[in-house]
Amino acid sequence: MENDIEITLEETDTKGRYREIVDGHEAEMTYSRAGKTTIIIDHTGVPDELRGRGVGQALVRRGIGDARAKGLKIIPLCPFAKAQIERHPEWQDVLKR
């Protein structure tokens with residue numbers, strides 16, 4: 001399923017939103033900027049119709065990849081994003097400590 005997921009990013013100077021539509025249902029992960037080098041992931045929302053299909057994990061993975069590419073650190077306030085990052089040691093290099 002993950003290979004079929006197309007995620008788009010909408011950004012402003014202070015906020016961002018990763019969004020994807022699967023089978024007509026929208027999932028999202030939002031963040032706020034906390035300075036020039038840190039983002040705070042504050043929400044991940046996946047409709048019940050998409051649960052268990054790797055959609056939320058794909059959103060977090062994309063956020064991790066983008067943070068790495070931009071040299072940003074992440075503070076995961078969203079419980080889902082925090083749990084996903086904790087489960088993947090290879091993602092923890094982007095955590096703000």
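A cavity is a set of points inside the protein where a 1.4 Å probe fits but cannot get out, and the residues that line a cavity have an atom within 4 Å of such a point. Keep that idea in mind as we walk through this structure, which is a predicted model.

Let us begin with the cavity itself. A search of the whole structure finds one cavity of 30 Å³ or more, and the volume of the largest cavity is about 50 Å³. Which residues line the largest cavity? They are Glu11, Tyr18, Tyr31, Ile39, Gly63, Asp66, Ala67, Lys70 and Leu72. With four residues, helix 1 gives the most to this lining.

Two of the names in that list, Tyr18 and Tyr31, take us to the aromatic rings. A pair of aromatic rings is described by how far apart the centres are and by the angle of the planes. This structure holds one aromatic pair. The ring centres of tyrosine 18 and tyrosine 31 are 5.9 Å apart and the planes meet at 40°, so the pair is described as tilted. Because tyrosine 18 belongs to strand 2 and tyrosine 31 to strand 3, the pair ties together parts that are 13 residues apart in sequence. Are these two tyrosines buried or exposed? Tyrosine 18 is buried, because its relative accessibility is 2% and buried means under 20%. Tyrosine 31 is buried as well, at 3%.

Now follow the chain to helix 1. This helix has 16 residues, and the distance from its first C-alpha to its last is 23 Å, close to the 22 Å expected at 1.5 Å a residue. Several of its residues are buried, including Val55, Leu59, Val60 and Ile64. What covers the buried residues of helix 1? The cover includes strand 1, strand 2, strand 3, strand 4, strand 5 and helix 2. Just after helix 1 comes glycine 71, which takes a positive phi of about 70°.

Next, look at the charged side chains. Side chains of opposite charge can pair when their charged atoms come close. How many salt bridges does a search of the whole structure find? It finds 10.

One of them joins arginine 33 and glutamate 11, with an N to O distance of 2.7 Å.

Another salt bridge links arginine 53 to aspartate 23, whose closest N and O atoms are 2.9 Å apart. Here both residues lie in loops: arginine 53 in the loop between strand 4 and helix 1, and aspartate 23 in the loop between strand 2 and strand 3, 30 residues apart. Arginine 53 is partly exposed at 29%, whereas aspartate 23 is exposed at 59%.

Salt bridges can also share partners, and in this way Glu10, Arg17, Arg19, Glu26 and Glu28 are joined into one network. Within it, arginine 17 forms a salt bridge with glutamate 10, and their closest N and O atoms are 3.1 Å apart. Arginine 17 is buried, with a relative accessible area of 19%, while glutamate 10 is partly exposed at 37%.

Let us finish with two single residues. Threonine 38 has its place in strand 4 and is buried, at 4% relative accessibility. Leaving aside residues up to four places away in sequence, threonine 38 touches Ser32, Arg33, Leu72, Lys73, Ile75 and Lys96. Aspartate 93 lies in the segment after helix 2 and is partly exposed, with a relative accessible area of 42%. Not counting residues up to four places away in sequence, aspartate 93 touches Arg68 and Lys73. How far apart are the C-alpha atoms of aspartate 93 and glutamate 6? They are separated by 25 Å, and the two residues are 87 residues apart along the chain.

Technical notes:
Residues numbered from 1 in each chain as written. Predicted model: local features only at pLDDT ≥ 70, side-chain atom pairs only at ≥ 80, totals over all residues. Heavy atoms only, no water. Salt bridge = Lys/Arg side-chain N within 4 Å of Asp/Glu carboxyl O. Buried < 20%, exposed > 50% of the residue type's maximum accessible area, 1.4 Å probe, protein only. Helix = DSSP H or I, 4+ residues; strand = E, 2+ residues; numbered from the N terminus. Phe/Tyr/Trp six-rings, centres within 6.5 Å; stacked < 30°, edge-to-face > 60°. Expected span 1.5 Å × (residues − 1). Contact = heavy atoms within 4.5 Å. 1 Å grid on protein atoms, 1.4 Å probe; cavity = no way out; pocket = protein on both sides within 12 Å on 5 of 7 lines; lining within 4 Å. Points joined across faces, edges and corners; volume = space filled by probe spheres on them.
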